Amino acid sequence: MLKNDLFLRALKGETVERPPVWMMRQAGRYLPDFMKLKEKYDFFTRCRTPELATEITVMPIHQVGTDAAILFSDILVIPQAMQIEVEMRPGVGPWLPNPIRDKKAVDQVVIPNVYEELNYVLEAIKMTKKELNNEVPLIGFAGSPWTILCYCVQGQGSKNFDKAKEFCFTQPELAHQLLQKITDTTIAYLKAKVEAGVDAVQVFDSWGGMLSPADYQVFSWKYMQQIIDALKDEIPVIAFGKGCWFALDTMAKSGASALGVDWTCSPKNARYLTGGNITLQGNFDPSRLFSPPAEITKMVHQMIYEFGKDKYIVNLGHGILPNIPVENAKAFVDAVKSYKG
């Protein structure tokens, strides 16, 4: 039995004494202990070494005090497992030397055996569960098929993913083939994570907001829905689309247990667009963690007041930034714990 099941209770929509809190990217780059490991081991070594992934996952639980842990990994382990080369270049970020832009390249993409290719992630889950010792739940995650496609076609991060969009709009059949392969792999991967012991999963659609509302339904949401359908009876699923406020009404009918909201959508609008019955997660601007701790406390209390304490998970509107002071991250978490509704 979990000692702290606040997060899972909020996902079920139960009445809670206060909302739970965790932060996207909480296991990582703003923690000094993480930076020490970063100097010793490159990015994918940290992802592929279960002992290191476990150590990093557990860090924020002990150092910042969040109500849930999220496994340290990366969305790009999926394309790697599909035999697509992915590097993490310092100062550049993800780098794919052979972007997928034609039929031959799409045909070469494999749907892997996730138990073989991504076994290191499953081992990290088992190890982390042991290390957490039922203190808090563990979240597993994956990128949305559209977001993964963006990197696979663009070949790197981008402000507008123009090449990825060009590929979808000029060769839609190939785009859908690739999206389906990514979707099938993602479903198998998340199911394996459930078997390994995660308590909830989140699907990150980081680049969903790059698409128009109509294109979003065609190239992103349709595949997100397949993932939710495949998992929702086994485990709570959180769907998070950055910049996708326009799809919140559709998302609310998806069977997901909760929806992530970014900071560009007010709590009032998020509740209105989702019909007021689904658990929402978010939506503090990550840059606002630069504010003085007293101000962070005030803003967090206001945010909880606006969302309401039930059917709500306090989080950022995207991942925590690397240069946030640890005491500010702690102030964010402590503000939630001190909330008196």
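## Terms and model

In the residue classes used here, Ala, Val, Leu, Ile, Met, Phe, Trp, Tyr, Cys and Pro count as nonpolar, Asp, Glu, Lys and Arg as charged, and the others, Gly among them, as polar. The model is a predicted one: local features need pLDDT of at least 70, side-chain atom pairs count only at pLDDT 80 or more, and totals for chains, interfaces and linings use all residues. Numbering runs from 1 along each chain as its sequence is written, and side-chain values use heavy atoms, with hydrogens and water left out.

## The largest pocket

A pocket here is an open set of points on a 1 Å grid over the protein atoms alone, where a 1.4 Å probe fits, with protein on both sides within 12 Å along at least five of seven lines; lining residues have an atom within 4 Å of a point. Volume is the space filled by probe spheres set on the points, which are joined across faces, edges and corners. On that basis, the largest pocket holds about 1200 Å³.

Its lining runs to 36 residues, with R25, R29, F43, D74 and M88 nearest the centre. Sorted by class, that's 20 nonpolar, eight polar and eight charged. Helices (H or I, at least four residues) and strands (E, at least two) are DSSP runs numbered from the N terminus.

Two or more lining residues come from each of β8 (279–284) and α15 (293–307), and α15 gives the most, four.
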